Amino acid sequence: MLSSKALFRMALLMVVLYACGTSQPARRNVLSKTSPPANQQPAENNGRNPGQTTFTKPEQITRQQQKTEETRKVNTAVERRQEEAATVTAAEAKAAGYRSPAYYRYITDSIQQTSAKSAYYKTTENLFKQMAVVPNPQNPAINSRWYTTVNFDNRKPNFVILHHTAQDNTEQTLFTFSVTRTGVSAHFVVGKDGITYQMLNEYFRAWHAGKSKWGAVTDMNSCSIGIEIDNNGKEPFPEAQISALLKLLDYLKDKFGIPQANFIAHSDIAPVRKNDPSKYFPWKRLADAGFGYWYDSANLAEPPADFNALLALRVIGYNTAIPADAIQAFKLHFIQNDSSPMLTDYDKKVLYNVYKYY
Ligand SMILES: [Zn+2]
């Protein structure tokens with residue numbers, strides 16, 4: 001017969017065991033109200049953003065955002081400029097005129113507050129719900145019980161596609177991406193003044209590449225980050241803008257392990273259909289910093305007699321279905337001042353040199 005002390009110990013042990021059992025995370029029904037918030041991304045949980053707040057409703061986010069903006073200290077010159085640019089009154093916008101930066105800033109701020117932010121979180125929530133369903137009820141091939149793996153994380157972008165906006169100012173682009181009717185977007189917008197805006201979490205698919213192909217990849221939006229650089233296509237890119245871009249590229253390369261070869265142009269993946277960024281874009285400077293490749297101008301060797309230029313373009317990634325278009329796209333990127341669809345002897349040397357990096 002057990003002593004009362006032994007019985008007490010057994011009872012205590014059972015309580016502890018029960019408590020341990022129930023302290024395991026319960027299997028979550030992701031469609032229920034107790035699901036984790038849609039905006040919760042692993043990147044924000046790996047210790048990089050310890051101050052990150054968890055939200056469950058869009059209103060909480062906008063409210064928190066306002067609070068943060070009120071209390072945030074304006075430290076740097078960039079932040080000061082951001083603060084100044086962010087406060088445009090209706091009168092100032094009217095005085096500045098239709099389609100002016102102040103006009104776009106004013107209406108964009110208004111759209112962001114009234115509809116864009118709530119739409120953003122509604123979409124993320126819907127996407128999260130879709131991604132959480134397993135097995136997919138629409139998949140006719142699945143005819144078994146549900147077993148789940150426990151080992152997974154997010155798919156990651158592996159390319160960075162650079163664009164020029166072909167618009168008049170950054171404010172106009174922020175507006176363009178804030179309204180549904182345009183159907184276009186990018187993850188980042190880099191202004192001439194060096195101010196960089198993030199409009200979409202990197203794990204989501206922005207709509208910037210359109211019909212495009214690079215190597216065997218035909219859905220570039222799914223595997224890339226889109227960066228729009230404020231530039232009308234007929235002007236050089238200011239130093240502040242390129243410095244800001246390099247800083248952003250550095251961050252993305254490091255965060256997602258993006259290979260040097262995979263920093264490319266919209267014009268590269270959509271030959272002739274797209275011509276951005278323009279011939280003024282400093283690709284050599286980017287390559288020198290580790291983003292994309294550039295030829296070694298001091299060592300331009302004659303290609304071998306059997307050198308196949310079209311095959312070399314394909315090895316680099318160009319869609320050579322229309323050879324003249326592929327050549328033109330290559331030249332916009334690497335020759336820049338001559339966009340004719342013909343390869344001169346010099347162009348062939350450059351191509352041979354670039355191709356050897358791949
Ligand atoms: Zn583009």
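1. A residue is called buried when its relative accessible area is under 20%, exposed when over 50%, and partly exposed in between (1.4 Å probe, protein chains only). By that rule, 38% of the 358 residues in this protein are buried. Please keep in mind that this is a predicted model, in which local features need pLDDT of at least 70 and side-chain atom pairs count only at pLDDT 80 or more, while totals for chains, interfaces and linings use all residues. Residues are numbered from 1 along each chain as its sequence is written, and side-chain values use heavy atoms, leaving out hydrogens and water.

2. On the fold: there are 13 helices and five strands, taken as DSSP runs (H or I of at least four residues; E of at least two) numbered from the N terminus. Of the contacts (heavy atoms within 4.5 Å) between residues at least 6 apart in sequence, 65% join residues at least 24 apart.

3. Now the metal site. H163 (ND1), H266 (ND1) and D276 (OD) are the protein donors of the zinc ion, lying 2.1 Å from it. Donors here are N, O and S atoms within 2.8 Å of the metal (3.2 Å for Na, K and Ca); water is not among the atoms, so sites may look incomplete.

4. The spacing of these donor residues in sequence is H-x102-H-x9-D. H266 sits in helix α9 (residues 266–269), and D276 in the loop between α9 and α10 (283–288). Both H266 and D276 are buried.

5. Finally, a residue after α13 (345–355): Y357 lies in that segment. Y357 counts as partly exposed because its relative accessibility is 38%.
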